[in-house]
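The exercises below are meant to be worked through with the sequence and the structure side by side. Please try each task before reading its solution.

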Amino acid sequence: MKAIRKKPGCAPELIDIDNTLKALQAEVGGYIETVTIASDAVVICNEEGVLLGMPYNCRFFGVDFVGPILVVGRNKNEFCDVPGADFLMHHLRDEDNTHDD
């Protein structure tokens, strides 16, 4: 499926990823947690990112994230291709510069 990957300190990028729990966990470095950002899109992040001391990544739609994240689409209870990838990547780039260290 098409997803946006954003790693700490890096620009967001559009990637193809297998829609499996194993592949998603590998991308975020552990157990996954989802944060709904729209009715058809979610952020997938590491559930224990803060506890593990993962580095700050970005603020996206008003939420601060640590460690690598994925932005994917959601269709009912299934993940799918990210909708509006260009729009979301633009917001990831803009909001990345709003964190106070």
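**Exercise 1. Is Phe61 buried, partly exposed or exposed, and what is its relative accessible area?**

Before starting, note that this is a predicted model, in which local features need pLDDT of at least 70 and side-chain atom pairs count only at pLDDT 80 or more, while totals for chains, interfaces and linings use all residues. Residues are numbered from 1 along each chain as its sequence is written, and side-chain values use heavy atoms, with hydrogens and water left out.

Step 1. The classes are set by relative accessible area, with buried under 20%, exposed over 50% and partly exposed in between, using a 1.4 Å probe and protein chains only.

Step 2. Phe61 has a relative accessible area of 36%, so it is partly exposed.

Step 3. For its place in the chain, Phe61 belongs to the loop between S5 and strand S6 (63–66), where helices (H or I, at least four residues) and strands (E, at least two) are DSSP runs numbered from the N terminus. Its phi is near 55°, which is a positive value in a residue other than glycine.

**Exercise 2. Describe the aromatic pair that includes Phe61.**

Step 1. Rings of Phe, Tyr and Trp (its six-membered ring) pair if their centres lie within 6.5 Å, and planes under 30 degrees apart count as stacked, over 60 as edge-to-face and the rest as tilted. This rule gives a count of one aromatic pair.

Step 2. The ring centres of Phe60 and Phe61 are 4.8 Å apart and their planes stand at 75°, so this pair is edge-to-face.

Step 3. Phe60 has 0% relative accessibility and therefore counts as buried, whereas Phe61 is partly exposed.

**Exercise 3. Find which residues have the most contacts inside the largest nonpolar core, and which elements supply it.**

Step 1. A nonpolar core is a set of buried Ala, Val, Leu, Ile, Met, Phe, Trp, Tyr and Cys residues joined through side-chain atoms within 4.5 Å.

Step 2. The largest such core has 15 residues, and Ile4, Phe60 and Val71 have the most contacts inside it. At least two residues of this core come from each of strand S4 (41–46), strand S5 (56–60), strand S7 (69–75) and helix H2 (85–95), and the largest share, four residues, is that of H2.

Step 3. Another core, of eleven residues, lies apart from this one and includes Met1, Ile17, Ala23 and Leu24.

**Exercise 4. Trace the strand partners of S7, and say how far S7 is enclosed.**

Step 1. Two strands pair if DSSP finds at least two bridges between them. Strand S1 (residues 2–6) is joined to S7 by three bridges in the antiparallel sense, and here Ile4 has Val71 as its bridge partner.

Step 2. S4 and S7 also run antiparallel, with four bridges between them, and the partner of Ala41 in S7 is Gly73.

Step 3. S7 pairs with strand S8 (residues 78–80) over three antiparallel bridges, with Gly73 opposite Cys80. These two strands form a hairpin with two residues between them, and Lys76 in the turn has a positive phi of about 60°. Lys76 has a relative accessible area of 72%, so it is exposed.

Step 4. Five of the seven residues of S7 are buried, so S7 is largely enclosed by the rest of the structure.

**Exercise 5. Work out which salt bridges involve Arg5.**

Step 1. A salt bridge is a side-chain nitrogen of Lys or Arg within 4 Å of a carboxyl oxygen of Asp or Glu, and the structure holds four of them.

Step 2. Arg5 meets Glu13 at 3.0 Å, N to O, and Arg5 also meets Glu27 at 3.1 Å, N to O. The latter pair links distant parts of the chain, with Arg5 in strand S1 and Glu27 in helix H1 (residues 21–28), 22 residues apart.

Step 3. Arg5 counts as buried because its relative accessibility is 16%, while Glu13, at 33%, counts as partly exposed, and so does Glu27, at 21%.

Step 4. A further salt bridge joins Arg59 and Asp64 at 2.9 Å, N to O. Through shared partners, Arg5, Glu13 and Glu27 form one network.
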